[in-house]
Amino acid sequence: MKISADHRASPSDEPFQQAWVWLRLLTSGDAKAWDVEGFERWLHASPAHESAFRAAKQQWATLKPVAGAALRRMPDAAAARERGKQERARDPRNRRAFLAAATGAAAVAGVALVYPPAGLWPAAGEWGADYRTATGEQQALELAPRVKVTLNTQTRIRRQGRGGEITGIELLSGEAAIDIDRPAMASGGRAFAVVAGPGRSLAEDGRFEVRNLEGKICVTCIEGSARVEHPLGERRLAAHQQLIYDGGTLGLARAIDPAQASAWRKGELVFNNTRLAEVIAEINRYRPGRVLLMNASVRDMPVSGSFYIASLSEALSLLQRTYDLKARSLPGGLYVLS
């Protein structure tokens, strides 16, 4: 929805609006280290920012009745919150105390126990990762004979083996592409496995990709064939087929465009009638900082096209113009579309 000039915020409202943007991000449970650093720069850049953030937190305090119930159920969260208060009193600019204060509502609800604040440590399900990639980083690994594993951005894996030989990986989060050379006719070959969530994908040759985001696993067979094992059954994928599963469902194989599925390996993001909210979420996986889409009326608008990962700023400018959005850049890489 286009915002008319009569309804736009006055300059005096701008710090308060920015404070709410930061507060929503910091309490989302998905903030990164650079988000916190950017917030600290914004907060201390002006007394008006500090005043606006105090006012935003006072409004946020309306969640206290719900938070109190959560505290009674989660004594560890209550103890952590109390420690944060004590550290804040000793040193108002102490980093740990700042995190406790800024993420108050989320910490009270126990979110930080599952989603670590600012990415300062791996989430519980990702402890012990052998390899990991940062935002925007890709990494190629040769973990076993004939097997090349390429990790996409924000990916964590753990090796799996038997008898000193690596036979597969566990994809804790992110996206991995597996390229397996066809074995010599006489030697045969052992299937390479990718465990993700409750399922396991195997192939003896060819190319397949596995994506594990927020508990949903997508398996794509690019070349050759792959087998997906799940508590609910087994599926076989031929070339150019894909399926999705999670803890309670196992989808059917469907045909896909392999060029679109593997575009990230060529440095591109390709979308075909994809919801704008999903496009923004995908861009956030590759871009340092954070893009926030605040205009709910355009979240479901379809997006088709391709963007270069190395030029995501141009992609954001195009999306802004296409959907007539207002853009604001804040310190720390925060980019707000409203």
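## A buried charge and its partner

Let's start with Glu175: its relative accessible area is 6%, so this residue counts as buried. Everything here comes from a predicted model, so read it with that in mind. What does Glu175 meet in a salt bridge? The partner is the side chain of Arg211, at 3.7 Å from N to O. Arg211 sits in strand S8 and Glu175 in strand S5, so their pairing ties together parts that lie 36 residues apart in sequence. Arg211 itself is partly exposed, because its relative accessibility is 23%.

The whole structure has 16 salt bridges. Another one joins Lys216 and Asp246, with 3.1 Å between the closest N and O atoms. Lys216 belongs to strand S9, while Asp246 is in the loop between S11 and strand S12 (254-255), so this pair links parts 30 residues apart in sequence. Is Asp246 buried or exposed? It's buried, at 16% relative accessible area, whereas Lys216, at 48%, is partly exposed.

Then there's Arg236 with Glu234, whose closest N and O atoms are 3.8 Å apart. Arg236 is exposed at 59% relative accessibility, and Glu234 is partly exposed at 43%. These two also belong to one network, in which shared partners join Arg200, Arg227, Glu229, Glu234 and Arg236.

## The largest core

Now for the nonpolar side chains. The largest nonpolar core has 27 residues, and the members touching the most others are Val149, Ile169, Ile178 and Phe192. Which elements give two or more residues to this core? They're all strands: S2 (139-144), S3 (147-151), S5 (165-180), S6 (192-196), S8 (206-213), S9 (216-230) and S11 (241-245).

Take a look at Val149. Beyond its neighbours within four places in sequence, Val149 is in contact with several residues, including Gln139, Leu141, Ala176, Ile169, Ile178 and Phe192.

## The S2 and S3 hairpin

Strands S2 and S3 run antiparallel to each other, paired over four bridges. Gln139 stands opposite Leu151 in S3. Two residues separate the strands of this hairpin, where Arg146 takes a positive phi near 75°.

Helix H11 (residues 312-322) has Leu312, Ala315, Leu316 and Leu319 as its buried residues. Why do they end up on the same side of H11? Because they cover an arc of only 100° around the axis. In general, an α-helix has 3.6 residues a turn, so residues three or four places apart point the same way.

The buried residues of H11 pack against S13, helix H10 (276-286), strand S14 (290-293), S15 and strand S17 (334-337). On the face turned away from that buried side, you'll find the exposed residues Ser313, Glu314 and Arg321. After H11 comes Asp324, which has a positive phi near 55°.

Definitions and conventions: Residues numbered from 1 in each chain as written. Predicted model: local features only at pLDDT ≥ 70, side-chain atom pairs only at ≥ 80, totals over all residues. Heavy atoms only, no water. Core = buried A, V, L, I, M, F, W, Y, C linked by side-chain atoms within 4.5 Å. Buried < 20%, exposed > 50% of the residue type's maximum accessible area, 1.4 Å probe, protein only. Contact = heavy atoms within 4.5 Å. Arc of directions from axis to C-beta. Pairing = 2+ DSSP bridges. Salt bridge = Lys/Arg side-chain N within 4 Å of Asp/Glu carboxyl O.
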